[in-house]
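Me: I would like to learn how to read strands, helix packing and chain contacts in a structure. Could you take me through them one at a time?

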Amino acid sequence: MNALALSDRAAGDADAPGAAARIARAWAALRDVEDPEIPTVSVVELGVIRFVTAQPDGHLEVGLSPTYTGCPATEVIRALVEGALAGANVGASRVVRVLAPAWSTDWITPEGRRKLAEYGIVPPDHSSSSLRDLRPGSRPVACPRCHSTHTETVSEFGSTPCKALLRCRECLEPFEYFKCI
Amino acid sequence: MSAANAMSAANGMSPATRVRDDDLFQYVLRMGDLSLVLGQRLGEWVGHSPALEEDLGLANIALDLIGQARLLLGYAGEIEGRGRDEDKLAFLREQGEYFNPILAEQPNGDFGRTIVRQVLIDAFQLELYEWLTASSDGQLAEIAAKAVKETRYHLRYSGGWLVRLGDGTVESRARVSSALESLWSYTAELFAEDAVDRAMAERGIGPRLADVQKAWNARIDALLAEATLDRPLDRPYSWFGKQGAHSEHLGYMLAEMQYMQRTYPGARW
């Protein structure tokens, strides 16, 4: 392994024997790790797995981002990810925390969005990095049942840090919305 | 190898970070203490808010703030290099070793007063974190990149409530007006630059507080206008929370917060 490979993760992957297969096994195992609070969505679909790379010291390194800094699920997710890797025959591995660029709901995969909608949680459709979203009620959210956009926010915060509570004014049903961040 | 070096090596630090950086330690600690103390205050609302939705809102903001405090205090502990982690820093310091601005420790009062305190601090943290995403200190820039998104959402909540209460009923307006009047003088401390702030600005680690104040003023003035509230007059101040001199309120809060670790040292969940 030369010095160049140390600074170039892609080169490191290609050089190490069997690394590509180990990385593929790791991704496959991670696709089965469910979010503890929204079990319909995997951590891969949620977009919190940032990378899986083979390191020069022989470890597989998995980058994991918190959704919210104080989210209690973060530590559970980390333990689940470590457990999945340990059972996936990927050799030595370690999980590293990645803070920047910060996780965004923009990274929830199309499949993840579809599953959230099926579960009854309206998926985020844009990033709240936009300054327009500093004020409440800036964009209408459609009801997951009757698809009316005649909805109102009941609470900017919900049962988990990532969700808000809304209510449809047509069919009168309450529903959850995955906050854009 | 000296004892200090041995400690650093045990923490896996590179030799470059072994030089004690007291200014940076103090700077990061102040920010962490602001989030921790405000988060703890908001936590006092749990089970007591005017409505279930606001209970959820305040608790969620508290959770974000505690999360930010964990990252910042954890980093401060690394900079200090004396083996104090986020928990030791949060639970085993005395009142005079806390460096949050005094505004953060002011009691909750009624919901209106809590909202006013929150708006004033959310707007400050938002400007600070936005600047820090480009800090020359990589770790601080990463923490800020994460925190800035949460803080935008906090201001969306608190600002929305300020408008509703200020431009609301006679009662709600009277309450937020009086809270604004009594909390306003504590905001001067947020922008009072001392040697640590100046050192950070010179090294490109932190902003000039005068710049933060300018942006904060614009944001607060716009919110107050929408809430049909008058901006209070600036008054002479003498608060030095960020140098460890606190109001009488912090000690009581810490007594409750630290009780468990003081009574059962090392207790874990």
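Reply: Two strands pair if DSSP finds at least two bridges between them, and the elements themselves are DSSP runs, numbered from the N terminus, with helices being H or I of at least four residues and strands E of at least two. What you see is a predicted model, in which local features need pLDDT of at least 70 and side-chain atom pairs count only at pLDDT 80 or more, whereas totals for chains, interfaces and linings use all residues. Residues are numbered from 1 along each chain as its sequence is written, and chains are lettered from A and ligands numbered from 1 in the order in which they are written.

Me: How many bridges join strand S2 of chain A to strand S3 of chain A, and in which sense do they run?

Reply: Strand S2 (residues 60–64) and strand S3 (residues 93–97) of chain A run parallel and are joined by five bridges, with Leu60(A) standing opposite Ser93(A) in S3(A). S1(A) and S2(A), by contrast, run antiparallel, joined by five bridges, and here Ala54(A) stands opposite Leu60(A) in S2(A).

Me: What is the order of the three strands in the open sheet of chain A?

Reply: In a regular strand the side chains alternate between the two faces of the sheet. The three strands here take the order S1-S2-S3 in chain A, with mixed pairing, and the edge strands, each pairing on one side only, are strand S1 (49–54) and S3 of chain A. From one strand to the next the twist averages 20°, where angles run from 0 to 180 degrees between N-to-C directions and axes are lines fitted to C-alpha atoms, for helices over the stretch in contact. Helix H3 (residues 19–30) of chain A packs on this sheet and touches S1 and S2 of chain A, its direction making about 155° with that of S1(A); touching is judged by contact, two residues being in contact if their C-beta atoms, placed from the backbone, lie within 7 Å.

Me: Which elements of chain A make the right-handed β-α-β unit?

Reply: A crossover is right-handed if, with the strands pointing away from the viewer, the path from the first strand over the helix to the second runs clockwise. The unit is made by S2(A), helix H5 (residues 73–86) of chain A and S3(A).

Me: At what angle do helix H7 and helix H8 of chain B pack?

Reply: Two packed helices are described by the angle between their axes and the distance between the axes. Helix H7 (residues 138–166) and helix H8 (residues 170–183) of chain B pack at about 120°, with their axes 7 Å apart. That angle makes H7(B) oblique to H8(B), since angles under 35 degrees count as roughly parallel, over 145 as roughly antiparallel, 65 to 115 as roughly perpendicular and the rest as oblique. The contact is made by Leu162(B), Leu165(B) and Gly166(B) of H7(B) together with Ser172(B), Arg173(B) and Val176(B) of H8(B).

Me: How many residues does the contact take from chain A and from chain B?

Reply: The contact takes 22 residues from chain A and 24 residues from chain B.
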